[in-house]
Amino acid sequence: MEDHTFVVGQEFPDVKAFRNAIKEAAIAQHFELRIIKSDLIRYFAKCAEEGCPWRIRAVKLPNSPIFTIRSLEGAHTCGRNAQNGHHQASIDWIVSFIEERLRNNINYRPKDILHDIHKQYGITIPYKQAWRAKERGLATIFGSSEEGYGLLPLYCEQIRKANPGSVAEVFTTGSVNHFQRLFVSFYASIYGFLNGCFPVISLGGIQLKSKYLGTLLSATSYDADGGMFPLAFGVVDAENEESWIWFLSELHKALEMNARNELHLTFLSNGQKGILDALRRKFPNSSYALCMRYLSESIGKEFKNSRLVHLLWQAAYATTTMAFKERMSEIEEISPEAAKWVQQFPPSHWALVYFEGNRYGHLSSNLEEFAKWILEARELPIIQVIERIHSKLMVEFEERRARSSSWFSFLTPSAEKRIVEAITIASSYRVLRSDEVEFEVLSAERSYIVNIGKRCCSCREWQLYGIPCSHAVAAIASCRKDVYAFTEKCFMVSGYREAYAKGIYPIPRRLEWKNLDETPMDDDTQIVRPPKFRRPPGRPEKKRICVEELNREKHTVHCSRCNQTGHYKTTCKAELMKGIEQF
């Protein structure tokens, strides 16, 4: 209260500073203002409460921007009861209150704004007002969504100039150039994937929450130590079959331009139909697998049984058909319905033992790890999302290069740990040699056939993971050969360093773009307008739960396509699985 006391003769730098001060005082001291006169040279206001004698008058000094209080009459007799909202607590005032907090925390929620204002000033403002203030505050700090789309062509140009060989293209639709799609892949990522990563790519989409919504499509791989390696990303106005075909077409072009040999890749995803169709067209020699995390979460939601989830994972990781069938039998014993549900997904698309391609033990996509990179930026304009990814890539590439410089082993730490464990176990085996390449390895339980020429073991672990199993280690050691020489190149430290060998370079600040751009684009192509669709105004609707509905007997739905219960025709997976089988 003492901080907002005024005296006659008190001076302020200008009229804006005085207006802010009187507004702040009115809010803090809980009285409403009635402004009688306010312009650039004078200000006259009184308390809005009828009968309250408080008055204030201020004027601008001659030949100076300084504002000074000339008169201050009466004391408040109004009781100051403006706790339930305040006319002076405008959106602009709330923006000034939250601006610094928003800079430090993009996810500063409207609910938190309400709490902090009530705690500091004792007034309650509407939720919608706090929400709008946050939107305006984000636009003030990071620029508007419209400005972000308009800057995309220039930003893509700067990406290509600062990082030669990179792909950065924006696509528009209609005669007025509404934004439709954006594709970005840095050359360092393309080179690193082709020369030092596993030939496995995870595909997924992340919903953006900015004014015009949209979906961030991503393609990520795995480095030699199993870490997430971003390869390419794109933003589309809507995630559908057409946008996935476009994204994978752009990815194919980016890889084809830099690959020396024909690519044989494995793709992981949640099974969207658009992805399957695009893979058939653009990557005909590739393998396709369902993400096990998606599959396990689906069965968990469907049957609410953690034991089923655990058994499904065991079945997926099984290295023999016998072990796989045992786990599936256990699932059927617990729930025949769950076993029938799992059967709609062919094992060849999720179980290691039946998968025909190479997954190197990677059963789930790493989309969630990539999503963490932009979690805080999803509400920002599109150009801020790209800048966040670019900044994170710069940091990660540098940190991983520095980290690998201290590795002196032949294999990466995770692969080295696995091979050391295999060597320890192998010491208890007895080895019988058949010829130069084939061995029989005897353990306490059973025997295994190992062929070091074909790099295979009857337990199938060597073939599935790419690292010699304990049986293979015993066979290799028996003929005094180097175990590390029989490990896939994907696990080597040299491959890891090659993945991060190329640098990702900084992009000049926006103010420097026009100065650096020696060959500006045509004026017509520079204008990119926001998508036609935008997020509806106001707070998203919530589904309310009615107690009576909970007690009502549930209606069993029936599918007219597959004749099964529990879902409708529109949500039937029969068409999806038909597509997978065709693929």
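Begin by selecting Gly 204, which touches Leu 216, Leu 217, Ser 218, Trp 244 and Leu 367 when residues up to four places away in sequence are not counted; a contact here means heavy atoms within 4.5 Å. The model is a predicted one, in which local features need pLDDT of at least 70 and side-chain atom pairs count only at pLDDT 80 or more, while totals for chains, interfaces and linings use all residues. Residues are numbered from 1 along each chain as its sequence is written, and side-chain values use heavy atoms, with hydrogens and water left out.

Stay with Gly 204 and colour strand S8 (residues 200-207), where this glycine is found; strands (E, at least two residues) and helices (H or I, at least four) are DSSP runs, numbered from the N terminus. Gly 204 counts as buried because its relative accessibility is 2%, where buried means under 20% relative accessible area, exposed over 50%, and partly exposed in between, with a 1.4 Å probe and protein chains only.

Now show the whole chain, whose secondary structure comes to 22 helices and 16 strands. Of its 583 residues, 47% are buried, and among contacts with a separation of 6 or more, 63% are between residues 24 or more positions apart. With a surface drawn, the chain exposes about 30,400 Å², of which carbon and sulfur atoms supply 49%; these areas come from the Shrake-Rupley method with a 1.4 Å probe, and for residues only the protein chains shown count as cover.

On a 1 Å grid over the protein atoms alone, a cavity is a set of points where a 1.4 Å probe fits but cannot get out, and lining residues have an atom within 4 Å of a point; points are joined across faces, edges and corners, and the volume is the space filled by probe spheres set on them. To outline this cavity, select lining residues including Val 184, Phe 186, Thr 220, Phe 233, Phe 370 and Leu 393. Strands S7 (178-185), S9 (215-222) and S10 (228-236) each supply at least two residues of the lining, and the largest share, four residues, comes from S10.

Move on to Thr 412, in the loop between helix H14 (382-404) and helix H15 (413-426). This threonine counts as buried because its relative accessibility is 0%, and, leaving aside neighbours within four places in sequence, its contacts include Ala 224, Asp 225, Trp 407 and Tyr 496.

For the cysteines, select Cys 490 and Cys 197: the sulfur of Cys 490 has its closest cysteine sulfur in Cys 197, 8.9 Å away, too far for a bond. A search of the whole structure finds zero disulfides, a disulfide being a pair of cysteine sulfur atoms within 2.5 Å.

Finish with two backbone angles. Most residues other than glycine have a negative phi. Lys 304, however, has a positive phi of about 50 degrees, and this lysine lies in the loop between helix H9 (292-303) and helix H10 (306-317), where it counts as exposed at 66% relative accessibility. Arg 460 has a positive phi of about 75 degrees and is partly exposed, with a relative accessible area of 27%.

Definitions and conventions
1 Å grid on protein atoms, 1.4 Å probe; cavity = no way out; pocket = protein on both sides within 12 Å on 5 of 7 lines; lining within 4 Å.
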